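Hi everyone, thanks for having me. Please open the viewer and have a look with me, and then we'll walk through it together.

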Amino acid sequence: MRVDFNVPIKDGVITDDRRIRMALPSINSVLNRGGTLTLMSHLGRPSGDGFEEAFSLSPVAKRLGELLGKEVICSDEDTTSEIVLIENLRFSDGEKNGDAAFAKNLAEKGDIYCNDAFGTAHRNHASMVAVPEAMAGKPRVAGLLLAKELKYLDEAITTAKKPFVAVLGGAKVSDKMGAIENLLGKVDTILIGGAMAYTFLSSSGEQIGSSLLEQNRIEDALRIIAAADESPTSLLFPTDHVCAKEIKEGSEIQTVVGSIPDGWMGLDIGPETSDRYAEVVRNAKTIVWNGPMGVFEMYPFDAGTRIIAEAIATATDAGATSIVGGGDSAAAIASFSLDSKMTHISTGGGASLQMLEGNAFFSVSKLDDSV
Ligand code: 3PG
Ligand code: MG
């Protein structure tokens, strides 16, 4: 079973075990039927030259054992225990290279292949593609988490109740352009926040001070703004900004409407924008959210993200469907303790974004099920 146990670990301690807990239904489903389980995952981005302590899956095996109330062995050699977690697949560069010999070795460990690694679905690595290929003729199935994630994200986009609103933020505009282009014409409104807004604002001739700018994306930004003008979708940008001279707690801040002065950078959407966006969100019936509105990890630049998260929670309470992409947006929701208020929080950041871009997963096409 390929899982995504790529969890944050600080000084050997797992700081968020959500990806492990979300894999439990598939794991228990195998164990409850008397199966033995070989689990495989990557963790972080090691060099690919062999074992590195900092990227060992041992703490994950321990945590999974606690959650299951059973021993979980972290080993590449053990073939007799009920539950074995193979060490970090990325200790070999065969994983990233999709190496056939590396895959064959893994394929020999199982009678059934199960992919439950939604968070890794957008990577065509050996364990995701070459292993199911090497197991042709044996059952190759989608795990319960993978199936659930695909269903939610697919339905959110294809059968969304209107008004349908997408909230897109985060630092890099280059990460989100594909999603914006795909969502034009599909959603009623796209709300843009985060540092990615500044490339758009700069392309329209706004003064953005020293805010983050992706100069080589200015033309793409202009093209997207023009496409939005032609489409029924409203593409909205921040009109005020919480600015500072540096990203530091306690640094002097000012709220700026319109042009940002030289030397200042926008680090959060301002109160006017937050109110305007929150109003749109509260009236929505379907909301997809990927990427924070500002530097939510740092007071006072968390306010915009928090107001939007609360508006999504309110809309969800009133019957809307809310789908939150993994990564930073999931972390933001958790830091505001609003997890239980969302319809679905994805375990995938890059993977959920790829679904918003309208792209199918090659890894999923290798499975027998029509998920
Ligand atoms: C993730 O957390 O993004 C997935 O586990 C994939 O990891 P990667 O971005 O290092 O490929
Ligand atoms: Mg990633």
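Let me start with a question: how many nonpolar, polar and charged residues does the shell around ligand 1 have? By class, there are no nonpolar residues, three polar ones and five charged ones. For that count, Ala, Val, Leu, Ile, Met, Phe, Trp, Tyr, Cys and Pro are nonpolar, Asp, Glu, Lys and Arg are charged, and the others, Gly among them, are polar.

Before we go on, a word on where this comes from. This is a predicted model, in which local features need pLDDT of at least 70 and side-chain atom pairs count only at pLDDT 80 or more, while totals for chains, interfaces and linings use all residues. Residues are numbered from 1 along each chain as its sequence is written, chains are lettered from A and ligands numbered from 1 in the order in which they are written, and side-chain values use heavy atoms, with hydrogens and water left out.

Back to the ligand. Around ligand 1 you can find Asp4, Asn6, Arg19, His42, Arg45, Arg90, Gly119 and Arg123, where being around it means having a heavy atom within 4 Å of it. Some of these side chains make polar contacts, that is, pairs of N or O atoms within 3.5 Å; within protein, one must be able to donate a hydrogen and the other to accept it, and residues adjacent in sequence count only if both atoms are side-chain atoms. The side chain of Asp4 has an N or O atom 2.8 Å from an oxygen atom of ligand 1. For Arg45 the distance from a side-chain N or O atom to a ligand 1 oxygen is 2.7 Å, and for a polar side-chain atom of Arg123 it is 2.5 Å. Ligand 1 taken alone exposes 310 Å², and the protein buries 84% of that. Areas here come from the Shrake-Rupley method with a 1.4 Å probe; for residues, only the protein chains shown count as cover.

Next, Thr120. You'll find Thr120 in the loop between strand S6 (113-115) and helix H6 (130-134); helices (H or I, at least four residues) and strands (E, at least two) are DSSP runs, numbered from the N terminus. Is Thr120 buried or exposed? Its relative accessibility is 1%, so Thr120 counts as buried. Buried means under 20% relative accessible area, exposed over 50%, and partly exposed in between (1.4 Å probe, protein chains only). Not counting residues up to four places away in sequence, Thr120 touches Arg2, Asp4, His42 and Met128, with contact meaning heavy atoms within 4.5 Å.

Now zoom out. The chain has 15 helices and 16 strands. Its radius of gyration is 22 Å, close to the 21 Å that the globule rule gives for 371 residues, so the chain is as compact as a globular protein of that length. That radius is taken over C-alpha atoms, and the rule is 2.2 Å times the number of residues to the power 0.38. Of the 371 residues, 53% count as buried.

To finish, two cis peptide bonds. One joins Lys162 and Pro163, with omega about 0 degrees, and Pro163 sits in the loop between helix H7 (144-158) and strand S8 (164-168). Another joins Tyr299 and Pro300, again with omega about 0 degrees.
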